[in-house]
Amino acid sequence: MPTTLKGSCRCGAVRFTVASHTPVPYQLCYCSICRKQQGGGGFAINLAADARTLEVSGENRLGLYRAAIEDDEHETCEVSTGERRFCTACGSALWLYDPTWPELVHPFASAIDSELPKAPSRVHLMLKYKASWVEPDIRGNDAAFDLYPEESIEGWHRKRGLWVE
Ligand SMILES: [Zn+2]
Ligand SMILES: [Zn+2]
């Protein structure tokens, strides 16, 4: 049975549950969207879960943000296909859903109320975009990437025997 993640915003107007095979909070994203929207310490931790199982109460309080992403090489700006959801009452960032990968939804670990397993090692990504004052806490078995790692969230869990059937 996959793990049921229960989440909510700070004020409780929005609550959700979603099933996850990959509940380890190991992926720290330093991109400007994650750290501005959620990551007060310079990064946000993104989980992955099964989008079909997402159940939401308080849906009418959900805000939608589609970030504009600048392309350094081409000096253009595109609006992300990613749908970032947050509570319009208290501002808590809740999850990211991208219709390009419709089977997945990415809750922020910060929005989850149920117990999460501790990560045996972490992946630091999008370090190219980190704020200059942030000194990433990269420990022994951690991996660090300027952009995205090649290993998927599923792959990372399976390789370490942490995939929840
Ligand atoms: Zn709220
Ligand atoms: Zn990010």
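Close-up 1. Cys 87 is buried, at a relative accessible area of 1%, while Cys 90 is partly exposed, at 32%. Buried means under 20% relative accessible area, exposed over 50%, and partly exposed in between, with a 1.4 Å probe and protein chains only. The model is predicted: local features need pLDDT of at least 70, side-chain atom pairs count only at pLDDT 80 or more, and totals for chains, interfaces and linings use all residues. Residues are numbered from 1 along each chain, ligands from 1 as written, and side-chain values use heavy atoms, without hydrogens and water.

**Close-up 2. The zinc ion (ligand 1) and its donors.** The SG atoms of Cys 9, Cys 11, Cys 87 and Cys 90 coordinate the zinc ion at 2.3 to 2.4 Å. Donors are N, O and S atoms within 2.8 Å of the metal (3.2 Å for Na, K and Ca). Along the chain their spacing is C-x1-C-x75-C-x2-C. The arrangement is tetrahedral because the four donor atoms subtend angles of 104 to 114 degrees; four donors count as tetrahedral if all angles lie between 85 and 135 degrees.

**Close-up 3. The largest pocket.** The largest pocket holds about 1600 Å³ of space. Its lining has 50 residues, and Leu 96, Asp 98, Trp 101, Met 126 and Tyr 148 are the closest to its centre. A pocket is an open set of points on a 1 Å grid where a 1.4 Å probe fits, with protein on both sides within 12 Å along at least five of seven lines; lining residues have an atom within 4 Å of a point.

Terms used:
Four donors count as tetrahedral if all angles lie between 85 and 135 degrees; four count as square planar and six as octahedral if opposite donors are over 155 degrees apart and all others between 65 and 115; anything else is irregular. Grid points are joined across faces, edges and corners, and a volume is the space filled by probe spheres set on the points.
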